[in-house]
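Let's walk through a protein model together, one question at a time. Keep the sequence and the 3D view beside you as you read.

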Amino acid sequence: MVLVFAEATNGKFKKAAHEVVTYGAKTAAAMGTECVALTLGDVQDAGDLGRFGASKVYNAADAALANFDSGVFAAAIAGAAQQLGAKVIVLSHNSTGKNLTGRLAARLDAGSAPGVKAVPVIEGDKFTVRKAVFSGKAFADVSILTDTKVISLAGNSIPVEESGSAVGVESISLDLPAPMVKVLSTKRAEGITPLPEAELVVSGGRGLKGPENWGVINDLAEVLGATTACSRPVADSDWRPHHEHVGQTGVAIHPNLYIAAGISGAIQHLAGVNSSKTIVVVNKDPEAPFFKAADYGVVGDLFEVLPRLTEALKKFKSA
Amino acid sequence: MKMLVCVSKTPETTTKIQLTADKTDLDKGGMQYIMNPYDEWYALVRALELKEAGGGSVTLLNVGPADNDAVIRKGLAIGADDAIRVNSEGGGSLYIAKQIAAQAAGYDIVFFGKETIDYNGSEVGAMVAELLGTAYVGEASKLEMDGSTATITRDIEGGVEVVEASTPLCLSAAKGMAEQRIPNMRGIMMAKRKPLNVVEPVAAPATTEVASYELPPAKSAVKLVEPENMEELVRLLHEEAKVI
């Protein structure tokens with residue numbers, strides 16, 4: 001059995017949860033077994049996860065699950081896996097998943113593959129999953145050697161697919177330890193898709209010349225519904241907040257569209273963005289190395305090109 | 001406060017990755033190595049700041065062969081008091097975590113970087129916390145101590161969460177926790193005389209192995225669009241790339 005931990009944010013399931021259930025269903029099909037989803041805490045419409053291929057959905061409602069503590073959540077997921085007899089555990093490689101994958105692997109003495117990008121290849125006893133390494137500069141095909149396996153799925157790696165219909169939610173009772181981490185406050189930017197999940201990203205570099213010029217980036221992002229990002233020198237100069245820094249030592253992103261303006265394309269920057277499906281580079285220097293990694297390039301002054309692109313998109317959207 | 005900072009050796013960030021002919025390993029010829037940036041810039045420096053403010057000690061821990069000593073000495077030059085190297089060629093994340101857990105008893109805080117820039121796993125810190133039975137806070141961008149109570153800001157999707165935990169605890173450091181320090185000449189001279197204890201690994205089986213590596217497919221040539229004709233770029237993004 002494949003057990004998928006589907007995470008809810010403020011009680012609601014988002015794209016990452018749908019992706020991970022889709023992935024679990026495909027993995028279960030490859031293994032000739034079933035995929036069940038586990039939800040924790042107070043959640044809405046959990047049975048809807050059946051649409052993405054979960055044959056059963058379980059929920060554990062316990063006051064200890066109201067806030068995130070990696071020890072409590074790992075005990076819950078491991079406990080459910082043992083109770084249900086699941087051999088493969090799948091979760092999202094997001095901030096929650098990164099706090100859990102290691103704990104689950106250690107708790108179950110299981111081999112793990114964090115941040116995989118494709119459904120496992122199963123040949124006899126051999127179970128191999130592909131993950132990006134060197135921040136996307138290469139892929140590694142990792143064989144998990146243990147009977148129990150823990151896998152976390154990188155966001156935007158597989159398309160969400162509907163393969164079933166909503167199911168009933170069964171409650172599951174789990175022995176949970178006391179939390180060791182107390183949550184004091186949680187702050188999320190409202191209405192903006194976080195960079196690791198973003199499908200559209202508009203990013204600015206030193207070519208913007210200063211934080212006061214970010215209007216051209218923000219206007220373009222707004223008309224697209226995109227999340228804004230920046231290069232490392234921009235974040236280091238405090239022109240933009242650090243969480244916007246994409247690249248090898250910042251956030252690694254994998255959107256459908258990445259528009260980079262005024263970024264030359266250092267190898268460390270490319271490492272964080274080269275999983276983007278389509279890359280558009282705007283730079284006045286035709287020799288900028290980023291053009292070699294781009295699908296579409298515009299050689300020109302970004303202060304003229306970006307407003308023109310914003311206008312063209314407005315026309316396209318209203319057409 | 002006794003602090004342990006776990007450090008990895010990784011290829012330098014500008015490294016162009018190439019594979020051996022049979023694709024089972026990286027071509028390591030001419031590869032330059034550094035201390036994993038998250039370990040060095042954020043975890044180690046924050047541990048040193050806490051020691052400077054409140055006393056205690058900072059010990060480095062590396063699991064690796066003797067080749068890793070140069071990277072460990074750099075950590076000593078930046079300011080760590082001493083170091084432990086578990087003499088091993090490694091064997092996957094859980095193997096490494098078991099080596100660290102075997103050395104980590106008695107420390108108040110065990111620091112990790114939020115990921116290594118080679119394997120990008122983000123899992124060893126959480127494994128060690130589970131093995132030790134302590135709290136774990138991943139991707140911490142701020143850490144303040146008040147006695148044995150830690151107040152930690154951690155990065156979450158699109159925001160931050162502030163949490164509180166008591167020592168002993170494990171955490172992984174992200175950008176924002178501290179500023180990179182460059183070792184000075186005095187630090188480099190002193191590092192040569194600081195203790196670097198080599199210990200043998202505990203027995204632990206490998207739980208994963210890399211079967212092969214693959215490089216991403218080469219990009220086809222860039223399609224240039226005239227800067228005056230952004231309607232054409234919009235058309236291409238819609239009709240050809242199908243991303244809008």
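Two strands pair if DSSP finds at least two bridges between them. Helices (H or I, at least four residues) and strands (E, at least two) are DSSP runs, numbered from the N terminus. This is a predicted model, where local features need pLDDT of at least 70 and side-chain atom pairs count only at pLDDT 80 or more, while totals for chains, interfaces and linings use all residues. Residues are numbered from 1 along each chain as its sequence is written, and chains are lettered from A and ligands numbered from 1 in the order in which they are written.

Q: How many residues of chain A are in contact with chain B?
A: Two residues are in contact if their C-beta atoms, placed from the backbone, lie within 7 Å. On the chain B side, 66 residues take part; on the chain A side, the number is 77.

Q: How many charged residues are on the side of chain B that touches chain A?
A: Ala, Val, Leu, Ile, Met, Phe, Trp, Tyr, Cys and Pro count as nonpolar, Asp, Glu, Lys and Arg as charged, and the others, Gly among them, as polar. This side of chain B has 37 nonpolar and 15 polar residues, and its charged residues number 14.

Q: What percentage of the residues in chain B is buried?
A: A residue is buried if 20 or more other C-beta atoms lie within 10 Å of its own, exposed if 12 or fewer, and partly exposed in between, with C-beta atoms placed from the backbone. Chain B contains 6 helices and 13 strands. Of its 244 residues, the buried share is 49%.

Q: Why is strand β4 of chain B described as largely enclosed?
A: This strand covers residues 57-64 of chain B. It is largely enclosed by the rest of the structure because, of its 8 residues, the number buried is 7.

Q: Which residue of β5(B) is the bridge partner of B:Leu61?
A: β4(B) has strand β1 (residues 2-6) of chain B as a parallel partner over 5 bridges, with B:Met3 opposite B:Val58. Another 6 bridges join β4(B) to strand β5 (residues 82-87) of chain B, also in parallel. In β5(B), the partner of B:Leu61 is B:Ile84.

Q: Is A:Phe5 buried or exposed?
A: A:Phe5 lies in strand β1 (residues 2-5) of chain A. Beyond its neighbours within four places in sequence, A:Phe5 is in contact with A:Leu38, A:Ile77, A:Ile89 and A:Leu91. Because A:Phe5 has 27 C-beta neighbours inside 10 Å, it counts as buried.

Q: How many residues does the largest nonpolar core have?
A: A nonpolar core is a set of buried Ala, Val, Leu, Ile, Met, Phe, Trp, Tyr and Cys residues joined through C-beta atoms within 7 Å. Among the residues with the most contacts inside the largest one are A:Val4, B:Val5 and B:Phe111. The number of residues in this core is 181.

Q: How far apart are the centres of domain 1 and domain 2 of chain A?
A: The domain bounds, which come from an automatic or database domain assignment, are 2-171 for domain 1 and 195-318 for domain 2 of chain A. Taken over C-alpha atoms, their centres are separated by 32 Å.
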